[in-house]
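Trainee: Please give me a close look at a single part of this structure. Then connect that part to the rest.

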Amino acid sequence: MHRTRSLVAGLLPLIPGAAPERLAVWLVKGYVQNSSARAPLAALNIRQYSAAPPPPTQAAAEPFLNGSSSVYVEEMYNSWLQDPKSVHASWDSFFRNASAGAAPGQAYQAPPSLAVPGRHEIPITALVPQMSMSGVSTGLPIDEKIIDDHLAVQAIIRSYQTRGHHIADLDPLGINLADLDATIAPELQLATYRFDNLPLGMDHDSDSQLSEKQTHYEVAPPPARSLQWQEKDMDRIFKLPATTYIGKPDERALPLREILSRLEAAYCRHIGVEFMFINSLEQCNWIRKRFETPGAMSLDAEGKRLLLARVTRAAGFEAFLARKWTSEKRFGLEGCEMLIPAMKTIIDKSSELGVESIIMGMPHRGRLNVLANVCRKPLEQIFAQFAGLEAADDGSGDVKYHLGTYIERLNRVTNKNIRLAVVANPSHLEAVDTIVQGKTRAEQFYKGDSEGKKTMSILLHGDAAFSGQGIVYETFTLSDLPDYTTRGTIHIVANNQIGFTTDPRHSRSSPYCTDVARVVNAPIFHVNADDPEAVMHVCKVAAEWRATFHKDVVVDLVSYRRGGHNEIDEPMFTQPLMYSKIRKMKSVMEKYSAKLIEEGTVTKEEVDDVRNKYEKICEEAYVKAQKETQIRYKDWLDSPWSGFFEGKNPLKMGNTGVIEETLKHIGKRFSSTPPNAAEFVVHKGIERILRARMEMVETRTVDWALGEAMAFGSLLKEGIHVRLSGQDVERGTFSHRHHVLHHQTSDKSTYKPLCNLYPDQAPYTVCNSSLSEFGVLGFELGYSMTNPNALVCWEAQFGDFFNTAQCIIDQFIASGQSKWVRQSGIVLLLPHGMEGMGPEHSSARPERFLHACSEDPETFPAETEEFAIRQLHDTNMIVANCSTPANYFHILRRQIAMPFRKPLIIFTPKSLLRHPEAKSSFDDMVETTGFKRVIPEAGLAASQPEAVRKVIFCSGKIYYELKKAREDRGLDSAVAITRIEQICPFPFDLIRDEINKYPNAELKWAQEEHKNMGVWSFVQPRFHTAMQGSSERRLSTPPQPSPPDASWWRRQWARLAGRPSSADVIASHPSASVSESGRGPVSYVGRGVSASPATGSKRQHLKEAAQLLEDAFAGL
């Protein structure tokens, strides 16, 4: 030891900055900088030593270097200097680290584990073999830069996963950037991560981003791989983290060059994947695996030939239509022909995964191609639509590119039967979205498909509509709500990169047209539609995603529109540069067939053969279509009701009354606390409501809420599913319904009385909806289209809120049967009444619904025994304003009792919900009773009709106000008040009888709405028609067309001009008994005209209401 100390003491002065110290202290401080400073020291012998003890974390001086151990350390150090292998590996590591300058306490390194490295684990020496000679592989501390570089590579991998889609080659035209941004994200540039001291290939001051956005038609920026990175970094090997699948099963580390190459192949070529915003590691890893795994996107030769055949058919169909009907609008698919193979791939994969029924919604572009090549609608039926033939059935019909269909066929790929439905849609591009969702949800419900494994939906969109229409957001919002989810929808965007004539930079504020889908964590797969194999891979992944996670997914087919908005539109007016490029573009069919020929998968003869075969099929169908003499709207029905109409008398109504025992049973169950009431804590206010209901049941009376519950309950007893949906419907906006009772001390513990009426009853669904009208009403309409034997109701929070769903009412509810032969029995419950709540909470705007009714105001229908039901059959929808709970009970049950289905619009009350007189007896609801279209006067005035001086017709709540005012004025025998409960179809026969009943009375119509609103403009001409005709004349004389000037409005103008019209001559016919009396027409009583539905002043409201009543009884 003495010699060793002496030798070291002699060497220390030769080391710069070293001072004479004891060996142990010098060793701990680490003044020996590297192995070259070591000199061979003489030793008498070399001994083997056991492992070094681990040092503590803090070491101003190593604790084992005490008086005795320092000698021991010096002996090992002497041996290590002569042969490092003579000491234990832990001491070898300690001496090397100390020599390299490790801080006190940091020189010790634990021995390496002998265990086999786990997944994504490899020895550090395997990553940097080129540095093994400098100490890394032999136990020296790892350079912080090495760790930073590995972390940087992991950051690069994550950046590609997160941002790679921004630099993907998505535009087939090569002129657009799908995200409208030419900037290269800094995290996709290697210089950001500083593998060297300076950013590679640039100075500190260089800007890593482009100075400004490129224009819409400039070439896209180069991908990340073209940046100038130093070659030595490209060949360095880096460990692959657990968050990537770019390595093959036996690859745990790759050179940087290969890492970047595989990441770009996965994320930056013809597919851009947005998924890293999803807050589920499982789902993110699932997507990574499908796109990163080497070879995941490969397609075998058989798959390529099938794909070519589908592309050929899609292109061939459009080419055939273009040749035969050059100037006919058809909204073709040229430029996005890959939509057809994409849909077929999704259907094939979904069928393979167990789906049996697929419901689709789409705009008009490409609809005919979808019907022909996806649904396989007979081509002759499609071609016949171009011939302008007359229809064999009733209705207005619709243009061919709005029509739907229902097809059940064999899927030849999976050899399984598949049912396909394309729901008819108007030109309101996205309006059909929630209708499809509602129809899908209903199918799942009736099949017991609670997980959505058998029935699914596909929604097609245009890029401008997907980002521009609010209904898209409403649809996504419903996607995961318990009572509205369809367990995943596949959205396909036919991204033409233009909206009619609008540049996408002017039609959206978001980078992509698909960004709305991010709100529900739906993955978004952007794909260049001119790469058929990339499209196929994306569609397979989309179908698998939906089947695995039952969540929405978006496929963005980035394509172009070869023509204008339609076939006769000139796009060069507004997009000259884009369309100059498009006109030079080869079609995807030409590109893909050339690719397959070049690689030897098919021959040119095979390509020509596929094209010629489909051309022959189209020609044969064209010949068949030429022989057609009529078109049939029923051929395009999207929601057939198998067996519903067969064997029924279309003019025979079922009973709406029920036995009293049923009423009592339902009433008592509905008025009772839960069976486990001792444990279920009910709110004290609810207890009072339940007691009051029970008292009504005991006295054989019902209020509005109880009458509704009895209607629902009796239908449930008969096996009819009832669904009530809308904002706050479980409790009711006005706290009157309470169909869901909540435990007061236990969260999410509820009790639904109507679900517990009978052991074998049909299911009852009552569900609060999202704060949406457009979306939810569309959903419920779609739900009602699926099964006619169900009562589906949607209630607005306040009646006037329906106007945000006006599109659904106008385009689907009011006109759906006429356009598409589609019936629906949906019920709209619209709270209505002028009660001083201001302009927005007063009127449900009945005039808007009545203006959409198809009833002729000048035609008194032929009077037969089926008068009432024939009127219902012939109208397009029913509009009612009931004034009694019993009538409300009957009209709800009548929706199911009718042998057909019609939409029902009911203006429901607010104050009448608790009005003491707005109650009904069981006597008005039992078996022999039914709905009353008109409730005539039943008081003193009815017993002496000749003495009645005034008859006031009205509807709804105002009846009770008129009745009270009549009593206050003592006019019970002088004034008769008649309620019109069903406004459309108008009860011509009953109104005529009421008018005839009071021959000496003045006729008035009273309403609380303003004169230019409400039902006045609807009933006025119908009163005139009812007054001028008698049943005898109309039974003996066949209906005649009205004279040219016989419209009611023309007659009014004729009277003002002082000349009689031909209709006046008809009205003076001797058989027109009412007109013989010389009585004038029905006159109006109510508020004057106004732009606003109601005043916002409570005082003004009361003043107007008092004046209305004063005017109603004036002159008496």
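**From a loop to a strand**

Mentor: Start with G719, which lies in the loop between α23 (704-717) and β14 (721-726). Helices (H or I, at least four residues) and strands (E, at least two) are DSSP runs, numbered from the N terminus. This is a predicted model: local features need pLDDT of at least 70, side-chain atom pairs count only at pLDDT 80 or more, and totals for chains, interfaces and linings use all residues. Residues are numbered from 1 along each chain as its sequence is written, and side-chain values use heavy atoms, leaving out hydrogens and water.

G719 has a relative accessible area of 47%, so it counts as partly exposed. The cut-offs are these: buried is under 20% relative accessible area, exposed is over 50%, and partly exposed is in between (1.4 Å probe, protein chains only). A762 is 43 residues from G719 in sequence, yet the two are 4.7 Å apart in space, C-alpha to C-alpha.

Now to the part I want you to study: strand β11, residues 553-558. Of its 6 residues, 6 are buried. V553, V555 and L557 point one way. V554, D556 and V558 point the other way. Both sets are buried. In a regular strand the side chains alternate between the two faces of the sheet.

Look at the partners next. Two strands pair if DSSP finds at least two bridges between them. Strand β9 (residues 489-495) is joined to β11 by 6 bridges, and the two run parallel. Here I492 stands opposite V555, and A494 stands opposite L557. Strand β10 (residues 524-528) also runs parallel to β11, with 5 bridges between them. In that pair, I524 stands opposite V554. From β10 the chain passes through helix α17 (residues 532-549) to reach β11, a right-handed β-α-β crossover. Right-handed means that, with the strands pointing away from the viewer, the path from the first strand over the helix to the second runs clockwise.

In α12 (residues 367-374), 8 of 8 residues are buried. Among them are R367, N369 and N373. R376 follows α12, and its phi is positive, near 60 degrees.

Cysteines come next. A disulfide is counted as a pair of cysteine sulfur atoms within 2.5 Å, and the count here is 0. C793 is buried, at a relative accessible area of 0%. C807 is buried as well, at 17%.

Finish with the whole protein. It has 38 helices and 28 strands. Of its 1116 residues, 55% count as buried. Contact means heavy atoms within 4.5 Å. Among contacts with a separation of 6 or more, 80% come from residues 24 or more positions apart. The protein exposes about 47,200 Å², and carbon and sulfur atoms supply 52% of that area. Accessible areas come from the Shrake-Rupley method with a 1.4 Å probe, and for residues only the protein chains shown count as cover.
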